Amino acid sequence: MTPRCVFSLLKKRKIIYCFKRIYILNISILCYSSVITYAQALTFHNSIQDGRLIQGSLAKNEKLFYQDKQIIPNSNGLFYFGIPQSAQTPLLLTLQKENTRKQIKLSYEMRHRQTDIVNGLPQGKVSVTVQNKQRIAKENAELKAERRKFIIDFFPICFSRPVQNYRLSGLFGSQRILNGVKSNRHGGTDYAAPVGTPVYAPADGLIAVAHPDMFLTGQTVLVNHGYGLFSSYSHLSKIDVTRGDKVNRGDKIGEIGQTGRTTGPHLHFSFFWYETRVDPELVFTDFPCQ
Ligand SMILES: [Zn+2]
């Protein structure tokens, strides 16, 4: 059986629109390396798309908001924000310049999602008891609390894959149908490799969670990369870091395993902007390290 996760943690988010004036930007979805378009000095560095981590830049006198959250730039005006895979087009941002605010409307094509049908799973890997639901809720709350922590210690400009030799066994955003029952969309990318395969940090960061045994994700690590960026590593067989450690890109943080709910050895890798999950493979192709 293909090694993959049999769970998903996605939640729908409510979009709040609250300003009157609307300015329209048409965003072409073709070329990452060139500046796409801009309003005032606001510039996006890669294509606008659902489920994508977007990098951009602001002028010093500008502030940018997505829904009710301010997008904080670094000292050079660079920022990241994540577009949920469930977000509807057009996407609305708010740009504040001194005392004026205007709304920016971004239109884009929704990405196609594949369906992932998995049959023959033991029922114990599909259903959850009431007791285990409580355990899952507690563990999710711990991860969620960490993903709210904003630090400015790091601002990665490139990301490398956490596994060097792998087979892609689960795609971000695929619609899971487990034993004939529709599940949530897959919230990460699955990299299949033998137990013991090293897992490396894709960018500099701070170890926020190093948990020995979560119900769904087994041995689990969460890294805070700064400015709302987080990466998580599930089903590990070994963890080489502890909470509070600082890691550099390329440092080994653990080894691939099959702990938690999984059908075989693989790394379930997720990438977040706060609570928004984005496609890890797009992060690696949009912001590669030389
Ligand atoms: Zn997975």
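Strands, like helices, are DSSP runs numbered from the N terminus, a strand having at least two residues.

**Figure 1. Confidence across the predicted model.** This is a predicted model, in which the protein has a mean pLDDT of 85 and 87% of its residues reach 70 or more. Over residues 8-39 the pLDDT falls below 50, although this stretch has 77 contacts in the model beyond near neighbours in sequence.

Figure 2. Setting aside residues up to four places away in sequence, phenylalanine 65 touches Gln70, Ile71, Leu93, Thr94, Gln96 and Arg101. Between phenylalanine 65 and isoleucine 104 the C-alpha to C-alpha distance is 10.0 Å, with 39 residues separating the two in sequence.

**Figure 3. Close-up of phenylalanine 150 and a nonpolar surface patch.** Phenylalanine 150 is placed in the loop between helix H1 (130-146) and strand S11 (167-170), and with a relative accessible area of 34% this residue is partly exposed. Together with Ile72 and Ile152, Phe150 makes a nonpolar surface patch of about 250 Å².

Figure 4. When neighbours within four places in sequence are left aside, the contacts of threonine 189 are Leu168, Gly170, Phe172, Leu267, His268, Phe269, Asp279, Pro280 and Glu281.

Key
Residues numbered from 1 in each chain as written. Predicted model: local features only at pLDDT ≥ 70, side-chain atom pairs only at ≥ 80, totals over all residues. Heavy atoms only, no water. pLDDT = per-residue confidence, 0-100. Contact = heavy atoms within 4.5 Å. Patch = residues over 30% accessible without salt bridge, like charges linked within 9 Å, V, L, I, M, F, W, Y side chains within 5 Å. Areas by Shrake-Rupley, 256 points an atom, 1.4 Å probe, with all protein chains shown as cover. Salt bridge = Lys/Arg side-chain N within 4 Å of Asp/Glu carboxyl O. Helix = DSSP H or I, 4+ residues; strand = E, 2+ residues; numbered from the N terminus. Buried < 20%, exposed > 50% of the residue type's maximum accessible area, 1.4 Å probe, protein only.
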